[in-house]
Amino acid sequence: MSMQWKAAVLLGVSLFAGAAMAGVNEDMKALASKSGCLTCHSIESGAQGPNGMAPIGPAWQDVAKQYGGKPGADAFLTRVVLEGSNPYSSHWKGKVSGLSMPPNAVAIKEADANKLVKWILTLAPAAK
């Protein structure tokens, strides 16, 4: 196989993989939207909440930055999505306008919540 042929095959494979990943992102965005997550959360850091206030919930890039790479983070965050969080122990206090994460087990299935959380944990912004 010639070098040009190998390069063309590698380029095709990488483009296919990139397209597949973009599809997953769109699937995750659609799941988040359907489940009501985007009512309180944005994907990118720096978004404002309603009426110029702090956002209701943390941006998912901030969640990924906070929890990414920590053992058990996906299981912990999936539980928070389904059961809610304690407003008295929130480390997002002062950064968001919401007091706590409400329980969402009626809005999203556990398997979908876990899939969404795993995707969220990949969203940490690149270091500058």
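**The core and its surroundings**

A: In this predicted model, the protein exposes about 8600 Å², of which carbon and sulfur atoms supply 62%. Of its 128 residues, 27% count as buried. The protein has four helices and zero strands, and from the N terminus on its elements run α-α-α-α. Among the contacts with a separation of 6 or more, 58% are accounted for by residues 24 or more positions apart.

The part to examine closely is the largest nonpolar core, which has 22 residues. Within this core, the residues with the most contacts are Trp 60, Val 63, Tyr 67, Ile 108, Leu 116 and Trp 119. The elements that give two or more residues to the core are α1 (3-35), α2 (60-67), α3 (73-83) and α4 (110-120), and the largest share, five residues, comes from α4. As a general background, nonpolar side chains in soluble globular proteins tend to be buried together.

When its neighbours within four places in sequence are left aside, Ile 108 is in contact with Leu 31, Ser 35, Val 81, Leu 82, Ala 113 and Leu 116.

The charged pairs come next. The count comes to three salt bridges, and one of them, between Asp 74 and Lys 118, has its closest N and O atoms 3.8 Å apart. This pair links distant parts of the chain, with Asp 74 in helix α3 and Lys 118 in helix α4, 44 residues apart. Asp 74 counts as partly exposed because its relative accessibility is 24%, and Lys 118, with a relative accessible area of 43%, is partly exposed as well.

Another salt bridge is formed where the side chains of Lys 115 and Asp 112 meet, at 3.8 Å from N to O. Both residues lie in helix α4, three residues apart, which is about one turn of the helix. Lys 115 has a relative accessibility of 44% and therefore counts as partly exposed.

In helix α1, Glu 26 and Lys 29 likewise lie three residues apart, about one turn of the helix, and their side chains meet in a salt bridge of 3.5 Å, N to O. Glu 26 counts as partly exposed at 48% relative accessibility, and Lys 29 counts as partly exposed at 34%.

The cysteines remain to be considered. A search of the whole structure finds zero disulfides. The sulfur of Cys 37 has its closest cysteine sulfur in Cys 40, but the 8.9 Å between them is too far for a bond, given that a disulfide requires sulfur atoms within 2.5 Å. Seen from Cys 40, the closest cysteine sulfur is that of Cys 37, so the distance is again 8.9 Å and too far for a bond. The two cysteines fall into separate classes of accessibility, since Cys 37 counts as buried at 15%, whereas Cys 40 counts as partly exposed at 30%; the cut-off for a buried residue is under 20% relative accessible area.

Definitions and conventions
Residues are numbered from 1 along each chain as its sequence is written. This is a predicted model: local features need pLDDT of at least 70, side-chain atom pairs count only at pLDDT 80 or more; totals for chains, interfaces and linings use all residues. Side-chain values use heavy atoms; hydrogens and water are left out. A nonpolar core is a set of buried Ala, Val, Leu, Ile, Met, Phe, Trp, Tyr and Cys residues joined through side-chain atoms within 4.5 Å. Buried means under 20% relative accessible area, exposed over 50%, partly exposed in between (1.4 Å probe, protein chains only). Contact means heavy atoms within 4.5 Å. A salt bridge is a side-chain nitrogen of Lys or Arg within 4 Å of a carboxyl oxygen of Asp or Glu. Accessible areas come from the Shrake-Rupley method with a 1.4 Å probe; for residues, only the protein chains shown count as cover.
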